[in-house]
Amino acid sequence: MRANGILMHITSLPSPYGIGTMGSEAYQFIDFLKKSGQSYWQILPVCPTSYGDSPYQSFSTFAGNPYMIDLDMLAEDGLLEPEEYKKKDWGYSQEHVDYGLMYQMRYPVLRIACKRFLENAPADYDKFCRDAFWLDDYALFMALKDANEGRPWSEWDDDIRFRKPEVLAELRTKYKDDIDFWKAVQFLFIRQWTELKAYANENGIKIIGDVPIYVSADSVDVWSNPDQFQLDENLTPIEVAGCPPDYFSADGQLWGNPLFDWDEMKKNGYRWWIARIRHMCSLYDVVRIDHFRGFASYYAIPYGDPTAVNGRWKKGPGFDLFKKIREELGEQSIIAEDLGVQGRDVTDLLRETGFPGMKVEEFAFDSDGNSGYKPHEYPFKCVAYTGTHDNEPVLGWFDSVPEKSQKCAIEYLNLTKKEGYGWGMMRGIWASAADLTIVTAQDILELGHEARMNTPSTTGSNWSWRAKPGAFTERIAQRLHRAMVMYGRLPEEKETEG
C-alpha cells in the first residue's frame with residue numbers, strides 16, 4: 001500500500017517547558033497527521049540522552065527518556081502542583097532545546113512527582129518492575145552514576161566496575177531511594193508512551209522508531225553485559241566503531257562505541273539482540289535499524305586512535321542473526337538503513353532478510369550518473385526520504401550544495417519558486433514507485449539550515465530543533481492531504497474523500 005509519513009522527533013514538538021513531550025502537543029500532532037492524510041509518524045530513539053545530547057548515545061538502549069515525560073499530565077494525575085513546575089525557568093527559546101538547562105531543572109521536578117507516586121503506587125507498578133528485565137540494572141546504574149558525580153562507569157571502583165555480587169547487593173540497599181526514583185521514572189514514561197501510541201494507532205497512525213546499531217560505551221548495556229562486547233580483561237574496548245575516510249572526511253568518522261563480540265553472541269543464540277528487538281517491537285509499530293551495513297561487515301578502529309584512518313573491515317553476523325530473530329519473534333516490520341558504503345555483502349543481506357532499504361533524494365544530485373537515488377530509480381519495496389535527521393532540510397540543502405547540483409535538481413524535478421523547492425522535492429518522492437515515503441517536518445514547514453537536526457561528526461548544536469507553537473496549520477494539512485490524494489498515498493479508508 002502506498003503511504004506517506006512525517007519524520008519529527010518527540011523532543012522537537014512545541015512545549016512551554018523547554019522540550020517536546022508526550023503531552024497535548026503530541027496528541028495535536030497526531031490529529032494533524034490524520035487530517036493531512038498521513039499513515040506514519042517517524043521518530044528518533046526514545047532512550048535517555050547522555051553526553052552530547054544524542055539519542056544515538058544513550059545510558060540505556062531499553063529505558064525511556066525522562067525529558068519526554070509531560071509535566072502537565074503528571075499534574076493531572078495528582079503528582080505535581082502547578083507552582084512546582086509552571087513558573088520555573090525552562091529557557092527562552094521556542095525553537096531550540098537547552099539540554100544543560102533540562103538536566104538542571106527537570107530531575108528535581110520529577111523527583112517530587114515520583115515521591116508522591118511511590119507513596120501510593122498502583123498495582124501495575126509492581127508488575128512493571130517484575131516484567132522489565134532490564135530495569136534493576138538500569139536503576140542501579142543511574143543511582144551509581146549520580147553517586148559518582150556523573151563519571152563514566154569505567155572510572156568507578158573496581159568492585160563496582162566488575163560487578164562483584166556482594167558489593168552490588170550492599171549498594172542496592174544503600175541507594176534504595178534513588179533506585180526507586182529511577183524505576184518510577186520509567187513507569188511514568190511507559191504509561192504516557194503507551195497512551196500516546198494507542199491514540200496514534202486509533203487514529204490510523206503507525207509509529208516508526210529507530211534502533212541504533214551500537215550502544216554507548218558509558219551505558220548500563222555494556223556495564224551489565226561486558227561479555228557481549230569486545231573488551232579486554234580490564235573492561236576496556238579493544239576496537240571501537242566508526243566509518244572509514246571518504247570524500248566527505250579525510251579522517252573518517254570515529255564514533256567510539258564498543259563493538260559487539262559476535263562470536264560470543266552467536267554462542268548464546270543472540271539473546272541480547274533478540275531481547276532488544278522484542279522490546280523495540282513492543283514500543284513501535286515499525287522498527288528502523290540504523291547502520292544496517294554493520295551487520296554485514298563493520299569498521300573496527302583501534303581503541304585510543306585519534307581518527308578512523310587505521311580502521312579495518314571485519315565480518316559481521318550476517319543473516320544468521322536475523323534468521324534467529326525471526327525464529328524467536330516471527331515476522332516483524334523492519335526498515336533497514338542501508339545508506340553509506342555499499343558492497344555485495346550488504347545487498348545480499350538486504351535480499352536475504354527481505355527488509356526494505358532506504359533512498360534519500362538529496363543524494364540523487366551529487367553526480368551525473370545513475371546514483372540509485374533519483375525517484376525514477378526507486379523500487380517498489382523501499383522507503384524514500386527527501387532527507388533524514390542527518391541531512392539538511394531541503395531548503396538548507398539548496399543553500400549548501402554546488403550550483404551544478406542545484407541545477408540538476410531543478411531541471412530533473414521541474415522545480416519552481418512558486419511551488420517551493422521543498423514541496424517540489426517532496427513531490428518527487430511522492431510520485432515515485434516507492435511504497436512508503438517519509439518527509440521531514442522541517443520540509444513541510446519550509447525551513448532551512450537553521451532547523452537542521454544533526455550534522456554527523458559534530459557536537460554542540462545538534463538535536464535541539466523545535467517547531468514553533470501553531471506551526472502545523474490547517475493550510476499545511478490541506479495541502480498535504482491534496483498531495484496524498486494526487487499521488488495515491490492516502491490511507492485506504494480515506495481514498496474516496498475529496
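Which residue forms a salt bridge with K176, and how far apart are the closest N and O atoms? I began my notes with this point.

**Basis.** I worked from a predicted model, in which local features need pLDDT of at least 70 and side-chain atom pairs count only at pLDDT 80 or more, while totals for chains, interfaces and linings use all residues. Residues are numbered from 1 along each chain as its sequence is written, and side-chain values use heavy atoms, with hydrogens and water left out.

**Entry 1: salt bridges.** I took a salt bridge to be a side-chain nitrogen of Lys or Arg within 4 Å of a carboxyl oxygen of Asp or Glu. The partner of K176 is D180, and their closest N and O atoms are 2.7 Å apart. The two residues are four places apart in helix α8, about one helical turn. Helices (H or I, at least four residues) and strands (E, at least two) are DSSP runs, numbered from the N terminus. I found K176 partly exposed, at a relative accessible area of 47%. For this term, buried means under 20% relative accessible area, exposed over 50%, and partly exposed in between (1.4 Å probe, protein chains only).

I then searched the whole structure and noted 31 salt bridges. One of them joins the side chains of K468 and E95 at 3.9 Å, N to O. K468 lies in the loop between α17 (441-444) and α18 (474-486), and E95 in the loop between α2 (71-76) and α3 (99-119), so this pair ties together parts that are 373 residues apart in sequence. K468 is partly exposed at 44%, and E95 is partly exposed at 34%.

I also looked up D146 and R111, whose side chains meet in a salt bridge of 3.5 Å, N to O. Because D146 lies in helix α5 (residues 135-147) and R111 in helix α3, the pair ties together parts that are 35 residues apart in sequence. Salt bridges that share partners join R111, D146 and D178 into one network.

**Entry 2: the sheet.** I recorded an open sheet of eight strands with parallel pairing, in the order β9-β6-β3-β2-β1-β12-β11-β10. Two strands pair if DSSP finds at least two bridges between them. The edge strands, β9 (334-336) and β10 (357-360), each pair on one side only. Strand β6 (residues 286-289) pairs with β9 over three bridges, and R288 stands opposite I335 in β9.

**Entry 3: the core.** I defined a nonpolar core as a set of buried Ala, Val, Leu, Ile, Met, Phe, Trp, Tyr and Cys residues joined through side-chain atoms within 4.5 Å. The largest one has 166 residues, and W41, W273 and I444 have the most contacts inside it. Helix α8 (residues 176-202) gives the largest share, 11 residues. Contact means heavy atoms within 4.5 Å. Residues that I444 touches include I6, F32, W423 and M426.

**Entry 4: helix α15.** Which residues of α15 are buried? I found S405, A409 and L413 buried in this helix (residues 403-413). Seen down the axis, the buried residues fall within an arc of 40 degrees, so they line one face of α15. The arc is that of the directions from the helix axis to the C-beta atoms. The face turned away from the buried side carries the exposed residues E403, K404, K407 and E411. The cover over the buried residues includes α14 (394-400) and α16 (421-430). N414 follows α15 and has a positive phi, near 55 degrees.
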